[in-house]
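Hello,

Here is the structure I promised to pass on to you. Have a look at it first, and then read on for what turned up.

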Amino acid sequence: MNWHEIVNFEDYGALLALVQNSIIAGAVLGLVGGLAGTFVVMRDLAFAVHGISELSFAGAAAALLLGTGVAGGSIAGALVAAALIGVLGSRARDRGSVIGVLMPFGLGLGVLFLSLYEGRAANKFGLLTGQIVAIDTPKLSWLLATSAVVLVCLAIMWRPLAFASLDPEVAAARGVPVRALSPVFMLVLALAVAVSIQIVGALLVLALICTPAAAAVRVSASPVLVPLLSAVLATVSVVGGILLSVGSSIPVSPYVTTISFVLYGVCRAAGALRTRRGWTARRAALRLDTVPT
């Protein structure tokens with residue numbers, strides 16, 4: 001194995017100029033994925049993200065086969081998946097089985113469309129693992145516009161959605177439209193998944209939407225710090241992965257997933273250490289309280 005052929009940072013500055021759009025897209029997707037992922041973790045929808053990504057992949061593959069916009073196909077597939085999950089899996093106990101049915105169906109359709117596609121193999125591979133040089137100006141415009149829609153929707157329903165996610169029964173009693181918020185958030189999540197696939201691919205989208213939020217809740221329970229930390233971790237993972245992949249022949253997704261996993265491990269260790277210190281402090285306080293005076 002010749003490592004110089006795999007990792008080569010010569011002319012790195014010139015190569016960075018080729019991926020400026022991807023760096024911008026990565027920063028935006030980090031913000032979108034980190035904020036949306038906060039509610040994914042709160043509402044236990046990680047499996048739903050994977051299900052949406054499979055049908056989003058099928059939509060993108062169909063668009064690639066037909067020669068139309070891949071971004072539009074990806075969004076259409078994701079919205080169809082979100083609608084099906086919202087309608088067929090309205091009850092939490094039914095959602096898992098519905099997603100389990102949709103995932104292989106979407107993946108099978110995507111594989112079928114890719115097998116019929118006779119274009120460049122890199123286009124096929126990119127739908128699964130992501131591409132950093134495929135974000136041209138038109139695609140960046142699509143991505144920024146879709147991300148803006150997601151961010152605006154999240155800003156509008158942030159407080160009621162957070163209330164409904166933490167305690168749906170009390171939220172419903174206070175007049176929060178809990179039933180309406182669930183399908184609306186699924187559609188917003190579908191848009192977040194669809195734009196994320198443009199960078200990390202359909203198979204590894206969980207590393208962008210779920211892992212940063214799961215890491216954030218390990219070190220904080222603050223309703224303000226958790227989404228901020230999640231967005232920062234997601235942005236570091238995506239942008240860092242792009243910067244590393246520029247100097248190698250390895251796709252961007254392994255870098256993104258590795259950075260995301262390492263950050264999760266660090267946050268998990270920090271959370272465990274803090275919990276242990278808190279337990280030690282409580283035990284010491286208990287001993288002091290029981291010392292006879």
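A word on terms before the findings: buried means under 20% relative accessible area, exposed means over 50%, and partly exposed is in between (1.4 Å probe, protein chains only). This is a predicted model, where local features need pLDDT of at least 70, side-chain atom pairs count only at pLDDT 80 or more, and totals for chains, interfaces and linings use all residues. Residues are numbered from 1 along each chain as its sequence is written, and side-chain values use heavy atoms, with hydrogens and water left out.

Now to the aromatic rings. Rings of Phe, Tyr and Trp (its six-membered ring) pair if their centres lie within 6.5 Å; planes under 30 degrees apart count as stacked, over 60 as edge-to-face and the rest as tilted. By this rule there are two aromatic pairs. F39 sits in helix α3 (residues 20–42) and W158 in helix α8 (residues 137–166), 119 residues apart; helices here are DSSP runs (H or I, at least four residues), numbered from the N terminus. W158 counts as partly exposed because its relative accessibility is 23%.

The other pair, F39 with F185, is edge-to-face too, with 5.8 Å between centres and 65 degrees between planes. F185 lies in helix α10 (residues 178–200), so this pair ties together parts that are 146 residues apart in sequence. Both F39 and F185 are buried, and F39 has a relative accessibility of 1%. Together, F39, W158 and F185 form one aromatic cluster.

Enjoy exploring!

Note on methods. Helices (H or I, at least four residues) and strands (E, at least two) are DSSP runs, numbered from the N terminus.
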